[in-house]
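Please keep the sequence and the model in view while reading.

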Amino acid sequence: MIGELSSALAVAGPDIPAADLDYRQLSPLIAVGATAMIGLVVEIAVPRRVRFLTQAVIAVLGTLVALALTVWVHLGLEDVDEARWPAIGSTGAEGAISVDGPGVLTWAMLLIFGAMSFLLFAERSHDRGLSEFIGRAADAPGSPGEAEATRARLEHTEVFPLAGFALAGMMLFAVSNDLITMFVALEVLSLPLYVLCGVARRRRLLSQEAAMKYFLLGAFASAFFLYGAALAYGYSGSLNLAEIDTAVSARGDETPILLAAIGMLLVGLLFKVGAVPFHSWTPDVYQGAPTPVTAFMAAATKAAAFIAMLRVLFVAFGGSSWDWRPVLWVVAVVTMLVGSVVAISQTDVKRMLAYSSIAHAGFIIVGLSGAYLGTQDGDAITSISSVLFYLFVYGIGTIGAFAIVTVVRDSAGETTHLSKWAGLGKESPFLAGSFALFMLSFAGIPLTAGFIGKWAVFSAAWAGDAWLLVVLGVLCSAIAAYFYVRVIVLMFFTDPVGDGPTVAVAGVPTTVVIALAAIATVALGLVPGPILDLAQHAGVFVR
């Protein structure tokens with residue numbers, strides 16, 4: 001009887017075709033997700049004494065495998081006819097994602113950031129052989145349970161699969177081709193980060209406060225994004241970015257529902273990049289989160305969010321660019337000013353780097369708001385290629401800078417007050433010299449990667465007739481240079497107070513990260529051509 005019923009349903013039911021999936025396109029995403037899932041199995045199956053090392057090895061190796069698969073995917077991208085501008089790639093997963101040149105390069109960027117961050121996660125040489133993460137997050141700060149967990153040398157090894165899931169969400173976020181997929185990716189990348197911010201071994205109350213602020217404000221911003229997606233659906237009848245663009249171009253009117261949709265989507269995206277006026281969480285979260293997590297967030301989250309913002313604005317709302325470009329001009333100016341000016345008054349290194357990241361978000365928005373897609377031959381620096389390059393050089397320098405922060409310590413852990421960094425150049429020339437290099441790159445000094453990055457975004461903005469933004473950006477860069485140079489003077493030309501800074505012996509993972517970041521900063525400042533060409537040949541977004 002059951003067989004007869006099944007046969008009847010098979011005859012009467014609709015013919016639902018199977019999803020057409022190109023697993024080569026999806027292989028980097030699958031590899032990162034599988035690595036995170038393997039990490040969950042490790043939590044169950046591997047003994048505690050070797051679990052941390054096992055998780056670290058799996059996370060780094062899985063990320064490198066995904067990076068190799070990303071190169072394979074990039075080599076297979078084909079040219080497409082995208083109106084006036086060159087493009088490579090295609091849509092996939094039934095149109096839910098767009099595996100194109102900018103998206104695949106963002107995958108590579110995120111995986112490099114992820115591998116470097118996982119090396120910082122794996123560092124255990126600073127705190128009596130323990131990592132930066134608390135043994136039992138459920139124990140109250142200062143409680144006997146916390147002391148017992150420390151004596152037992154417990155560690156939260158779940159941080160590796162959590163960061164892996166966040167990385168997978170960032171990768172999906174950057175290539176999402178419809179707003180519902182983008183929202184799901186936003187939540188997948190955000191939820192693990194809320195947890196990771198609250199599991200610091202030292203200064204736990206500050207860490208838990210950071211996690212709570214990030215969670216509450218992040219949930220609020222996600223609600224704005226979702227409401228904006230609903231309004232975009234109400235306007236266009238679709239959540240697909242290309243179909244929204246078709247509706248915008250066909251109707252050609254500036255209805256309140258369209259403007260509200262753009263505004264609410266921008267609220268959610270600007271929050272993730274830390275732009276003013278949605279920046280208030282940034283200094284508190286950067287200061288309170290474990291420093292390896294801060295490095296991961298500052299580089300990878302910003303990169304994924306900016307590429308998602310570019311995709312939404314250029315693909316879905318390109319026909320309405322004169323509605324959103326003036327808004328971004330104002331956001332860029334106030335973000336650059338607030339980040340550059342407020343950073344001057346900071347006395348904590350992590351808070352200073354947080355406001356620095358806000359200023360850099362403003363510089364990136366300058367390039368984005370130019371909305372310049374280049375010429376048909378694809379030779380000019382475009383808004384997309386300039387933002388890609390800037391995000392890469394900024395992320396590399398940021399991870400290197402935060403890696404150095406983990407090494408300057410006292411008896412209470414990391415010492416982030418600037419006064420404690422006086423005389424660091426005498427104590428550790430390598431660390432002080434590397435940090436000075438990153439500061440000079442952030443300031444946009446010639447012969448560093450940061451100079452080429454700023455030149456790229458300013459060139460794209462100038463070509464897009466946003467010359468006033470370029471002038472203001474140069475002035476804000478001069479303001480920002482003051483607090484970067486102030487740190488260099490403090491490290492090399494200021495006598496230390498008391499015994500001076502204490503520098504822990506950096507383990508192999510941290511040393512590798514600092515060295516790679518310093519080499520990349522110099523190399524991309526002297527020979528930027530290969531990476532710039534790679535970004536330039538990525539073309540525009542595929543619809």
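Leaving aside neighbours within four places in sequence, which residues is T521 in contact with? The residues are I396, L437, F438, S441, T448 and A449, where contact means heavy atoms within 4.5 Å. The model is predicted, so local features need pLDDT of at least 70 and side-chain atom pairs count only at pLDDT 80 or more, while totals for chains, interfaces and linings use all residues. Residues are numbered from 1 along each chain as its sequence is written, and side-chain values use heavy atoms, with hydrogens and water left out.

- T521 belongs to helix 20 (residues 508-526); helices are DSSP runs (H or I, at least four residues) numbered from the N terminus.
- With a relative accessible area of 2%, T521 is buried (buried is under 20%, exposed over 50% and partly exposed in between, with a 1.4 Å probe and protein chains only).

**Helix 11 and its cover**

- Seven of the eight residues of helix 11 (residues 281-288) are buried.
- These buried residues are W281, T282, P283, V285, Y286, Q287 and G288.
- Among the elements covering them are helix 8 (204-236), helix 10 (256-273) and helix 12 (291-316).

**Salt bridges**

- Side chains of opposite charge can pair when their charged atoms come close.
- The count of salt bridges is five, each being a side-chain nitrogen of Lys or Arg within 4 Å of a carboxyl oxygen of Asp or Glu.
- K213 and D284 form a salt bridge with an N to O distance of 2.9 Å. This pair links helix 8 with helix 11, and its partners are 71 residues apart.
- D284 also pairs with R351, the closest N and O atoms being 3.0 Å apart. Because D284 lies in helix 11 and R351 in helix 14, this pair ties together parts that are 67 residues apart in sequence.
- Shared partners join E209, K213, D284 and R351 into one network of salt bridges.
- D284 is partly exposed at 22% relative accessible area, whereas R351 counts as buried at 18%.
- E43 and R51 form another salt bridge, with closest N and O atoms 3.7 Å apart; both residues are buried.

**Bend in helix 2**

- Helix 2 bends by about 35° at L29, the bend being the angle between axes fitted to the seven residues ending there and the seven starting there.

Note on methods
Helix = DSSP H or I, 4+ residues; strand = E, 2+ residues; numbered from the N terminus.
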